Amino acid sequence: MTSPRAETVDEFRARARTWIRENLPILEDFERPDVPGRREFERALQRKLYDAGFAGICFPADCGGLGLSPAYQRAFTEEAAGYDMPSSFNVPTLGILAATLVDFGTDEQKRRHIPAILRGEELWVQFLSEPSGGSDLAGCLTRADRDGDVFVLNGSKIWSSGAKDSDYAMILARTNWDVPKHRGLTMFILKIHQPGVTVEQIRQVDGSMEFCQEFFDDVIVPVSDVVGEIDDGWTVATRLLTHERAAVGGGSIYTSGRSVGHDTGYSATDNLITDLAKATHQADDAHVRQLVAEAHVRQLVSGAMVRRVSHGIANGKLPGQAGAIMKLFTANNTIRRCEIALEIAGGAAAAWPSGEEPPTRIASEMSLWRQSMSLGGGSNEIQRNIISERVLGMPREYAADRDIPYRDVRRS
Amino acid sequence: MDVDLTEEQEFFAETTRRFLWDQCPTTVVRALEANPDGFDRAFWKAGCELGWTSMLVSEADGGGCLSGPGRGILDLALVAEEMGRVVAPGPLVPTNVVAFALSHGGTAQQKQRWLPGLLHGEQIGAWVNGSGSVVEAGAQADVFVYSLGDRLRVIAADDPAVQVTPWEGLDLVRRYASVVIADDAAGEPLVGSAESLSRIALVLQCAETCGVVDAVFEMTLEYLGHRYSFGRPLASYQALKHRIADDKMHLEGCHAITTAAARAVADDVANAGELVSAAKAWIGSVATDIVQDCVQHHGGIAVTWEHDIHLYLRRATVNRAMYGTASAHRQRLATTILGTAS
């Protein structure tokens, strides 16, 4: 008996192209994740991908994925350019949390969740940052106390994108207060909508309601929902953050289709900047032409950087922490590109005809939000620490809480 | 350097690096300041035996490379980067541009006349990029490629219609000359475009600058680790660590876009010119800033003649200026994106 010949990348690409053209809607620019009904729409779209055999291209076959190489995923993403994709599944669900589950989940956890994610039934979020501080992630205060076969969870998490409309979270909580901070943490799978969990939305500067804060009051979590080992949650969190840098920087193999929108979509802002130059009748202005070209150069460098860093990490030429370089670059790029957009928009950035959404308005509202990429997923300052210390081997910063039982550490 | 090199390329880069470390420590570079040619002929010939002028020449013409026909730019970029790392002397860009132009657009007779000398390092080529312009290795060249109208032409340097005046320059060993070729000179036409020569020159220049900045960055990192102030190494100060991190990020961008441009030229993709201009626009605007920041990290020693960092700063600055500044390349890109300004 002969086994069926594996499909080549080119054959896969051709099949994907045909399917995409027949099945995916054309992309509208600046599709925001908080548009009413958008999440349900994306869940259905994800299900459609799954049914057609285009979901989880690089996820292992025993987790319900297709088990194909990144070349297949790249081919699909290239073919999907310009079409609407369930991009809110990319970050954090697929690129960060499902990826972490592949690395650390038990067989039972993987079987239970990854196929469900690929079918569009589960959106995930990460419950990491706390109101007491985000950069010092290992200093988290949310506690999980063991009680027989369960843990009892109390505390609060914040800055989780889209938690209200999501289903599951990975949550980092302190399970041991008698050891130094990194050694007393455990990562859990948490069903969001259950007794004891309160989710409140936070209104952001651009008016959107994507971020949430959660409060946990005696929430029961079974021991079987521990990811990795008890008290070894930092190992899981570190890997999660590596996946996050890759996913946010654009170098994850687990995400599908380009993300568009104010969080990761530099391809969209490139069009925006060109549109702005034309809409403001400055396409002939020498200064504006320099700015448009600068924005374009940054986009090209950014794409080249993603390729370099992700390939370099994959083949061992660059350390895993080099993802921080990509993350910092992407964040800086967002800042500069927003600045360019605002500069070109000129006076039209301040006011616009009621009810209209000219590119100048998009530019000015986007600029209110521009630091978000420099804050989320580890601030620029943390990325600079990682680059200097972990990539370049410079001395670590002094930490007053090193080697001290966490219950004795001074806190604000 | 590209993170996706083949084993063969890695070996070649390593061999080139060892040769250069051995042959041109900065003491040699400094000594060559007094040499009117700026390079030693025996050194150049030895480099040519390693393939420094063969990679853009087709196998039929006696050339060859590792990456396959038409893709030699990928291998030559490795040489350029290694040369940058030691601020090496030698007319790498101009000779290769001329060798490429002859191999891909010359007649059998023209090839026979010039290519063996260029391939073996006995002769030097130079590229007159624009009329009456300053030309690298102009006074050392035996043969020039230049443009007349839209056509490329080739002419011997000793032709009476060619006027060469050596200039002084910023780099200690890179020589420039003013070259004027009369319109009625008896230059012979070549097939090919100035644009394709420009792409080669820019990819090599960007790769060399990557090597220059890499070397400066490495020496700075080492210095910060060993230099103590207030009882602790400079490398332990977060203010400096964060600047180093930013420099590293910009430097990785230089490598990334240079690789992208080199691959685009090797594959002759439709937007190759765009990527090449993007590479120069990026590197031209960040490379000297990284080096200058490294000068700042070193302190006063870095603005002395004695310290080698100025050799690197000179090379980076010259590269920034030649073959189009960053803003000139942004102008080119703006035309691609927005059309010609009215």
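Modeller: Let us begin with one pair of residues in this predicted model. Gly125(B) stands opposite Val143(B), which belongs to S3(B).

Colleague: How do you know that S1(B) and strand S3 of chain B pair, and in which sense?

Modeller: Two strands pair if DSSP finds at least two bridges between them. S1(B) and strand S3 (residues 143-148) of chain B have 4 bridges and run in the parallel sense, so they count as paired.

Colleague: What makes strand S1 and strand S7 of chain B stand at the edges of the sheet?

Modeller: The open sheet has 4 strands in the order S1-S3-S4-S7 (chain B), with mixed pairing. Strand S1 (125-128) and strand S7 (188-190) of chain B each have a single partner strand, so one side of each lacks a neighbour in the sheet. From one strand to the next, the twist averages 30°.

Colleague: Why is Gly106(B) called buried?

Modeller: The cut-off for a buried residue is 20 or more other C-beta atoms within 10 Å of its own. Gly106(B) has 25 C-beta neighbours inside 10 Å and therefore counts as buried.

Colleague: Where does Gly106(B) lie, and with which residues is Gly106(B) in contact, leaving aside its neighbours within four places in sequence?

Modeller: Gly106(B) lies in the loop that joins helix H5 (92-105) and helix H6 (108-119) of chain B. With those neighbours left aside, Gly106(B) is in contact with Lys111(B), Val154(B) and Leu190(B). The C-alpha atoms of Gly106(B) and Gly192(B) are separated by 9.0 Å, although these residues are 86 residues apart along the chain.

Colleague: Turning to chain A, how many helices and strands does chain A have, and why is chain A called as compact as a globular protein of its length?

Modeller: Chain A has 12 helices and 8 strands. Of the 412 residues of chain A, 47% count as buried.

Colleague: What makes up the side of chain A that touches chain B?

Modeller: In total, 33 residues of chain A are in contact with 34 residues of chain B. The elements of chain A giving two or more residues to this side are helix H7 (266-279), helix H8 (286-314), helix H9 (323-345) and helix H12 (380-391). H8(A) gives the most, with 15 residues. By type, the residues on this side of chain A are 18 nonpolar, 7 polar and 8 charged.

Notes. Residues numbered from 1 in each chain as written. Chains lettered and ligands numbered in written order. Predicted model: local features only at pLDDT ≥ 70, side-chain atom pairs only at ≥ 80, totals over all residues. Contact = placed C-beta atoms within 7 Å. Nonpolar A, V, L, I, M, F, W, Y, C, P; charged D, E, K, R; others polar. Buried ≥ 20, exposed ≤ 12 C-beta atoms within 10 Å, placed from the backbone. Axes fitted to C-alpha atoms, helices over the stretch in contact; angles between N-to-C directions.
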